[in-house]
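Reader: Hi, I'm new to reading protein models. Can you walk me through this one?

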Amino acid sequence: MPNTFTLTLSCAQRLGIVHAVSAFLFQHDCDIAQHQQFDDTRNGAFFLRTSFIPQGDTDAAHLTEQFESVAAEFGMNYRINGCAPPRVVVMVSRMGHCLNDLLFRWRAGILGADLVAVVSNHPDLRPMAEAAGLPFVHIPVTPGTRTRAEAELLDVVERHRADLVVLARYMQILSDDTCRALHGRAINIHHSFLPGFKGAKPYHQAFDRGVKLVGATAHYVTPDLDEGPIIEQEVIRIDHSFDPMRLATVGQDVEALALSRAVRWHCEHRVLLHGHRTVVFS
């Protein structure tokens with residue numbers, strides 16, 4: 001919705017949290033458009049997402065400052081986001097199915113994000129990016145240039161004022177330092193056969209083992225390879241008639257779907273990190 005702001009927060013469970021949030025928004029002439037909350041009774045934690053429409057002339061920075069006293073009273077970790085869509089840098093290698101899907105959703109206005117650049121360690125997908133009007137940054141990566149390449153990547157993120165980095169089948173492992181620099185603002189996608197079927201041809205390995213499910217996992221990037229907090233997963237049932245090529249095609253479909261959902265939910269501020277897990281207000 002246009003002109004809609006979002007408040008997200010987490011804190012320990014306690015009486016009066018929702019009342020305090022509602023009272024604050026009322027006092028600042030904000031109309032609540034949607035409210036979602038989750039009580040994690042097992043861990044005594046509380047999570048909230050409230051979208052609202054300011055009736056007066058204000059901005060997220062001003063509301064953030066004004067909300068600080070409420071947050072301090074309840075020990076909240078919180079964030080107030082304005083209505084501008086987050087800026088996203090997409091990273092790719094040679095496979096273009098996830099990039100193509102993100103480009104389609106972006107141009108259709110259903111991604112919830114503003115794509116601002118494409119970065120790749122290969123030049124193959126330059127035509128796809130430039131056809132969409134996006135700058136394409138080629139950063140080759142070799143064992144000897146990895147540190148310099150990642151510094152260049154972070155420079156691209158800073159220059160484009162990116163809020164999120166999406167690894168849309170980017171086939172390079174980021175260093176621990178880069179993962180930490182992008183903590184909570186980098187999303188990766190991988191097929192569901194990990195850790196069982198590693199290597200260059202996981203779908204051939206899956207075919208040889210007669211798998212019956214093909215899936216994909218979208219998660220935040222952490223130094224623990226492919227083990228970051230999960231945002232979304234998708235799965236499709238298959239049978240014995242699927243050869244490796246057809247398996248790979250189905251796999252690309254579920255990868256694109258899981259990734260686009262994760263990106264949209266993140267950009268709509270529906271995902272709250274909670275240790276190694278996430279709370280997703282879908």
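Author: Helix H7 (residues 202–209) and helix H8 pack at an angle of about 120 degrees, with their axes 9 Å apart. The model is predicted: local features need pLDDT of at least 70, side-chain atom pairs count only at pLDDT 80 or more, and totals for chains, interfaces and linings use all residues. Residues are numbered from 1 along each chain as its sequence is written, and side-chain values use heavy atoms, with hydrogens and water left out.

Reader: What do you mean by helix, axis and angle?

Author: Helices (H or I, at least four residues) and strands (E, at least two) are DSSP runs, numbered from the N terminus. Axes are lines fitted to C-alpha atoms, for helices over the stretch in contact, and angles run from 0 to 180 degrees between N-to-C directions.

Reader: Is the crossing of H7 and H8 left-handed or right-handed?

Author: H7 passes H8 in a right-handed crossing. A crossing is right-handed if the near helix is turned clockwise from the far one by less than a right angle, and left-handed if anticlockwise.

Reader: Which residues make the contact between H7 and H8?

Author: From H7 come Tyr203, His204, Ala206 and Phe207; from H8 come Pro244, Leu247, Ala248, Gly251, Gln252 and Glu255. Contact means heavy atoms within 4.5 Å. By class, the contact of H7 with H8 has six nonpolar residues, three polar and one charged. Ala, Val, Leu, Ile, Met, Phe, Trp, Tyr, Cys and Pro count as nonpolar, Asp, Glu, Lys and Arg as charged, and the others, Gly among them, as polar.

Reader: How do H3 and H8 cross?

Author: The axes of helix H3 (residues 97–108) and H8 come within 9 Å and cross at roughly 45 degrees. That makes H3 oblique to H8. This crossing of H3 and H8 is right-handed.

Reader: Which residues meet there?

Author: On H3 they are His97, Cys98, Asp101, Leu102 and Arg105; on H8 they are Gln252, Glu255, Ala256, Leu257, Leu259, Ser260 and Val263. That contact of H3 with H8 counts six nonpolar, three polar and three charged residues.

Reader: Now sheets. Which strands does H8 lie across?

Author: Helix H8 (residues 244–267) lies across S5, S8, strand S9 (186–191), strand S10 (213–220) and S11. H8 runs at about 150 degrees to S11.

Reader: What is the strand order in the sheet of seven?

Author: The order is S7-S6-S5-S8-S9-S10-S11, in an open sheet with mixed pairing. Two strands pair if DSSP finds at least two bridges between them. Strand S7 (136–138) and strand S11 (230–237) stand at the edges with a single partner strand each, so one side of each is left without a neighbour in the sheet. Neighbouring strands here are turned by 20 degrees against each other on average, direction ignored.

Reader: Do S5 and S8 pair parallel or antiparallel?

Author: Parallel: strand S5 (residues 87–92) and strand S8 (residues 164–167) pair over four bridges. Val90 stands opposite Val166 in S8.

Reader: What about the sheet of four strands?

Author: That open sheet has the order S2-S3-S1-S4, with antiparallel pairing. Its edge strands are S2 (30–40) and S4 (77–81), each pairing on one side only. The twist averages 10 degrees from one strand to the next. S2 and strand S3 (residues 45–54) pair over 10 bridges in the antiparallel sense. Asp31 has Ile53 in S3 as its bridge partner.

Reader: Which helix packs on that sheet?

Author: H2 does, touching strand S1 (5–12), S3 and S4. The direction of H2 makes about 160 degrees with that of S4.

Reader: How does H2 sit against H1?

Author: Helix H1 (residues 17–27) and helix H2 (residues 60–74) pack at about 160 degrees, with their axes 11 Å apart. H1 and H2 are therefore roughly antiparallel to each other. Their contact includes Phe24 of H1 and Phe67 of H2. The residues of this H1 and H2 contact divide into eight nonpolar, one polar and no charged.

Reader: Last one. How many helices and strands does the chain have?

Author: Eight helices and 13 strands.

Note on methods. Parallel < 35°, antiparallel > 145°, perpendicular 65-115°, else oblique.
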